Amino acid sequence: MARTGITEYDLLISCPGDVEKFKDVIEEAVEKFNRLFGRTNSVLVNAKYWKSDSYSQMGDRPQNILNRQLVNKCDMLIAVFWTKFGTPTDRYGSGTEEEIEQMISSVKQVFLYFLDKPCPPSEYSSDYENVRKFKKRCNDRGLYKVVSDERELSEKFYEDLTQHFVEILNGEKNLSVQNTFGGVRNIYSSGEGYFGRTPIYASGNRLKKEKEAEIIQKILNLQRNTLPGRTSGSAGIPGTVSDAVIYRYQKELIMDFAEEYGIRIDSTFWNLGNLRRRVIGGGRVDCDGRAEEMKRYKEIQDLCGEIEEFNRI
């Protein structure tokens, strides 16, 4: 759905109850995509989930209501299975299966993953046989991925989501988007978006050199003006406030760039004081701390986005 100056997409998170505990890592992947890729390419992905984005309504079967309120309005879907297949609906083996089929019938993008993570005996479900049968049925219908745990799920989904849009940006998908699972759909609508933009470095080597110098200067400025280390911490309970950190992939991204240009980064570079963060839904993050802590966190996130785009182009 196009908006003035930016193209927004609604992504539906669809999964049985045993995967719900991993919803946060999917939202983190969406937030990472928006920050590192979407921001520089005028794209925003909004994560939707039935518990937070549906409302009370009577008069029809629950899945029909969810289809009208969410499924039909979303542009993409990520479906994840682990040990359970889910609650059957009138037409399908589970609500997640119906949502997948609904998206495929509308020729929309579906990302499909199966968790191969060990399950404690107390959480084992005999419903797994239905997951296995569904996975087998999918073999000839498209591409899906098997991931070992929730962190790999987050990483692989970020990669797939980014590649999905990179191919559009590069013109490889042109006016339609080839689904990871299930077909082709036209994603164009009236209004401004990023499609068809010329890459910011396409006009010649001079702009590339200028961008190199700009990134180098930002790294040097951050290195000169560090913050003290953390003096208090939170429990880090999923879904609540936790300590803000710079993730390993972000550190590696910046350090690889710095090393190429002979810049040494000290460990204090990553200090954020006592800044806290919380995923507030839709892949968005809210921070709480002093002005200088929030400013440094944003500067490092922005730096990652610039290096990411520089490397990609």
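S267 sits in the loop between α8 (248-260) and β10 (276-281); helices (H or I, at least four residues) and strands (E, at least two) are DSSP runs, numbered from the N terminus. This is a predicted model, in which local features need pLDDT of at least 70 and side-chain atom pairs count only at pLDDT 80 or more, while totals for chains, interfaces and linings use all residues. Residues are numbered from 1 along each chain as its sequence is written, and side-chain values use heavy atoms, with hydrogens and water left out. Buried means under 20% relative accessible area, exposed over 50%, and partly exposed in between (1.4 Å probe, protein chains only).

- S267 has a relative accessible area of 62%, so S267 is exposed.
- Between the C-alpha atoms of S267 and G229 there are 10.0 Å, and the two residues are 38 residues apart along the chain.

**Helix α4**

- Helix α4 spans residues 95-105 and is mostly covered, with 10 of its 11 residues buried.
- The buried residues of α4 are G95, T96, E97, E98, E99, I100, E101, Q102, M103 and I104.
- The cover over these buried residues includes the strands β2 (6-14), β4 (76-81) and β5 (109-115) and the helices α3 (62-69) and α5 (128-137).
- Just after α4, V107 takes a positive phi of about 55°.

**Strand β2**

- β2 is mostly covered as well: eight of its nine residues are buried.
- β2 pairs with β3 in the parallel sense over six bridges; two strands pair if DSSP finds at least two bridges between them.
- Within this pairing, E8 has L44 in β3 as its bridge partner.

**R35 in helix α1**

- R35 belongs to helix α1 (residues 23-38).
- R35 has a relative accessible area of 4%, so R35 is buried.
- Leaving aside neighbours within four places in sequence, R35 is in contact with Y249, Q250, Q301 and G305; contact means heavy atoms within 4.5 Å.
- R35 and E306 are 271 residues apart in sequence, and their C-alpha atoms are 9.9 Å apart in space.

**Salt bridges**

- The whole structure holds 25 salt bridges, each being a side-chain nitrogen of Lys or Arg within 4 Å of a carboxyl oxygen of Asp or Glu.
- One of them joins the side chains of R39 and D302, at 2.1 Å from N to O.
- R39 lies in the loop between α1 and β3 (43-48) and D302 lies in helix α9 (residues 291-312), so this pair ties together parts that are 263 residues apart in sequence.
- R39 is partly exposed, with a relative accessible area of 48%, and D302 is also partly exposed, at 21%.
- The side chains of K145 and D160 meet in another salt bridge, at 2.7 Å from N to O.
- That pair links distant parts of the chain, 15 residues apart, with K145 in strand β6 (residues 145-147) and D160 in helix α6 (residues 150-169).
- K145 is partly exposed, with a relative accessible area of 31%, whereas D160 is buried, at 15%.
- R264 forms a salt bridge with D266, and the closest N and O atoms are 2.3 Å apart.
- R264 is exposed, with a relative accessible area of 65%, whereas D266 is partly exposed, at 27%.
- Salt bridges that share partners join R61, D90, R91 and E98 into one network.

**The largest pocket**

- Rolling a probe the size of a water molecule over the atoms shows where empty space is left.
- The largest pocket holds about 570 Å³ of space; a volume is the space filled by probe spheres set on grid points, which are joined across faces, edges and corners.
- On a 1 Å grid over the protein atoms alone, where a 1.4 Å probe is used, a pocket is an open set of points with protein on both sides within 12 Å along at least five of seven lines, and lining residues have an atom within 4 Å of a point.
- The largest pocket is lined by 29 residues, and the closest to its centre are W50, Q63, L66, G95 and E99.
- β2, α2 (50-53), α3 and α4 each supply at least two residues of this lining.
- The largest share of the lining, five residues, comes from α3.
- The lining divides into 13 nonpolar, 11 polar and five charged residues; Ala, Val, Leu, Ile, Met, Phe, Trp, Tyr, Cys and Pro count as nonpolar, Asp, Glu, Lys and Arg as charged, and the others, Gly among them, as polar.
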